Amino acid sequence: MFSWAKQEQGGRNKEGEMYQTVTEGLQTLYTKKLLPLEDTYLFHDFHSPALEAADFQSKPMVLLVGQYSTGKTTFIRYLLEEDFPGMRIGPEPTTDGFIAVMYGENEGVVPGNALVVDPKKPFRKLNAFGNSFLNRFICSQMPNQVLQSISIIDTPGILSGEKQRISRGYDFSEVLRWFGERVDRIILLFDAHKLDISDEFSEAIKAFKGQDDKIRVVLNKADQVDTQQLMRVYGALMWSLGKVINTPEVVRVYLGSFWAKPLQNTENRRLFEAESQDLFRDIQSLPRNAALRKLNDLIKRARLAKVRSHDTSGILGKSWNVCLKWKSDPTAGIRGN
């Protein structure tokens, strides 16, 4: 289904150092320039942990989010065109944890506790969410052509009704926020017969605040309704999304039925094929734009670090002036000066 080549061209910096790839140059720039600034002003304690080599060298990641039985795992199987280790598909909530589907020479599953200590994987910072999360986090590795260019993150089916009040044992929204900041694409899946957005799903979407450019919406199982019903379903979905995603722009919604079985309703075959090709082209563009996305994220991080340094310097400067004033006149505070 997919055939792409990941190509990056290097360059020479001002000091004359030659880099083989853009990613290597960004990593060196961060280590030499930005990391010392973050260490000086305690950026890692107040904002986000330091970046590691795996954060720069990892493949583009796609995060799938949706309520249970909307076809997230089936969507991954449709992309890979084969089963992957740890896959479970059913009408009930089957995926009860996060599954990182990545490329590996040997097919198998790596548990979460072992995964977060692997320096070659970009998941070491997930250790902060505790054992309850790590027990529900695995990495599924397999030698697949698609996974040579991208990695896919499958998430638990979001619950509704009374079931969403049961604690998962970890902060689900914070985990999604962590992934949302690091992935290249966030795909929200909806079922044509399940358009309601539960409280937990609403919180999950709000966790992606600030990542609006990464979000894409897929209306799956659209072949199970006829043309007239599909028009009403699409309108109802846009109305529901408008109450949760507070942006003036309209969210891009892809229609289709993403599984290997024949369409149940062939009235809109050409529409589904066109929508599928648009979605696949969007995913295919991720490896080509991976270096640009990493550059963009590094620039945003540098701006946050700069603001942090100015704030800290201002606080330290005021404290130092107060100390000097008190040293010159210890009774100034008593007199109300």
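Tutor: Buried means under 20% relative accessible area, exposed over 50%, and partly exposed in between (1.4 Å probe, protein chains only). This is a predicted model: local features need pLDDT of at least 70 and side-chain atom pairs pLDDT 80 or more, while totals for chains, interfaces and linings use all residues. Residues are numbered from 1 along each chain, and side-chain values use heavy atoms, without hydrogens and water.

Student: Which class of accessibility does Val 110 fall into?

Tutor: Val 110 belongs to strand 5, residues 108-111 (strands are DSSP E runs of at least two residues, helices H or I runs of at least four, numbered from the N terminus). Its relative accessibility is 23%, so Val 110 counts as partly exposed.

Student: How far apart in space are Val 110 and Ser 140, C-alpha to C-alpha?

Tutor: Beyond its neighbours within four places in sequence, Val 110 is in contact (heavy atoms within 4.5 Å) with Leu 115, Ile 138, Cys 139 and Gln 141. Val 110 and Ser 140 are 30 residues apart in sequence, and their C-alpha separation in space is 6.6 Å.

Student: How many salt bridges does the structure hold?

Tutor: Side chains of opposite charge can pair when their charged atoms come close. The criterion is a side-chain nitrogen of Lys or Arg within 4 Å of a carboxyl oxygen of Asp or Glu. For this structure, the number of salt bridges is 16.

Student: Is Asp 191, the salt-bridge partner of Lys 221, buried or exposed?

Tutor: The closest N and O atoms of Lys 221 and Asp 191 are 3.4 Å apart. Because Lys 221 is in the loop between strand 9 (215-220) and helix 9 (227-244) and Asp 191 is in strand 8 (185-191), the pair ties together parts 30 residues apart in sequence. With a relative accessibility of 7%, Asp 191 counts as buried.

Student: Asp 282 and Arg 216 also meet in a salt bridge; how many residues apart are they?

Tutor: The N to O distance in this salt bridge is 3.5 Å. Asp 282 in helix 10 and Arg 216 in strand 9 link distant parts of the chain, with a separation in residues of 66.

Student: Are those two side chains' residues, Asp 282 and Arg 216, buried or exposed?

Tutor: Asp 282 and Arg 216 are both placed in one class. That class is buried.

Student: What is the relative accessible area of Asp 278?

Tutor: Asp 278 forms a salt bridge with Arg 281, with 2.4 Å between the closest N and O atoms. They are three residues apart in helix 10, so about one helical turn separates them. Arg 281 is partly exposed, at 47%, and Asp 278 is partly exposed as well, at 27%.
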